[in-house]
Structure formats: C-alpha cells, structure tokens
Amino acid sequence: MSERIAELRQKIDEIDEKILLLLKERFEIVKEIGREKRKHGMPLRDLERENQKYKQITEKALKLKLNPEAVREVYREIIDMSVHAQEE
C-alpha cells in the first residue's frame with residue numbers, strides 16, 4: 001500500500017473517531033430529552049420534528065453536494081437509534 005493511501009486512511013480513522021464522539025454526545029442529550037418527555041407525559045416519537053430534521057438534512061446535503069437520499073438514510077438510522085435511546 002502506498003504511503004499516501006496510509007495517510008488518507010489515517011485521516012478517515014480520525015474523522016470516524018470524531019463522528020463516534022459526536023454520536024455519543026448526541027445520544028446523551030437524546031436520553032435527557034427522553035427523561036423530560038416522560039416527566040411531562042409526552043410521546044417519545046415526534047414525527048413533526050423528525051420531518052423537519054429530514055428537510056434540514058436534505059437541504060444541507062444538497063448545499064454540500066452530497067447525495068441527499070444517502071444522507072437521509074444515515075439520519076434515518078441515527079433518529080431510530082435516538083428514539084430507542086430515549087426509551088432507556
């Protein structure tokens with residue numbers, strides 16, 4: 001393997017680490033939201049908020065020249081994980 005590929009892969013590893021740390025932070029906040037929702041008798045799933053989030057993500061993906069459907073799929077998983085985290 002070339003040295004350049006190794007360098008680039010190292011950068012990817014560093015980005016992946018940051019993504020994981022941000023996901024951890026996100027899920028900590030999500031769990032707190034879940035506690036607040038239960039405390040106030042609110043449903044855990046907020047479809048209006050989810051749809052708003054998908055719209056924002058799609059627009060941002062387009063601006064960044066990313067495939068909006070692929071990004072939406074990634075966020076669909078993140079949101080599903082978030083709902084499950086709120087149940088804990």
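With a relative accessibility of 11%, Glu50 counts as buried, because that value falls under the 20% below which a residue is so classed. The model in which this residue is seen is a predicted one, and it places Glu50 in helix α2, which spans residues 47-63. When neighbours within four places in sequence are left aside, the residues in contact with Glu50 are Arg45, Ile79 and Val83.

Whereas Glu50 is buried, Arg45 is partly exposed, its relative accessible area being 37%.

Another one joins the side chains of Glu36 and Lys39, at 3.8 Å from N to O; both residues lie in helix α1 (residues 3-39), three residues apart, or about one turn of the helix. Here Glu36 is partly exposed at 36% relative accessible area, while Lys39, at 60%, is exposed.

In helix α3 (residues 68-86), Glu73 and Arg76 are likewise placed three residues apart, about one turn of the helix, and their side chains meet in a salt bridge of 2.1 Å, N to O. Glu73 is partly exposed, with a relative accessible area of 37%, and Arg76 counts as partly exposed at 27% relative accessibility. Salt bridges with shared partners, in turn, join Arg45, Glu50 and Asp80 into one network.

Note on methods: Residues are numbered from 1 along each chain as its sequence is written. This is a predicted model: local features need pLDDT of at least 70, side-chain atom pairs count only at pLDDT 80 or more; totals for chains, interfaces and linings use all residues. Side-chain values use heavy atoms; hydrogens and water are left out. Helices (H or I, at least four residues) and strands (E, at least two) are DSSP runs, numbered from the N terminus. Buried means under 20% relative accessible area, exposed over 50%, partly exposed in between (1.4 Å probe, protein chains only). Contact means heavy atoms within 4.5 Å. A salt bridge is a side-chain nitrogen of Lys or Arg within 4 Å of a carboxyl oxygen of Asp or Glu.
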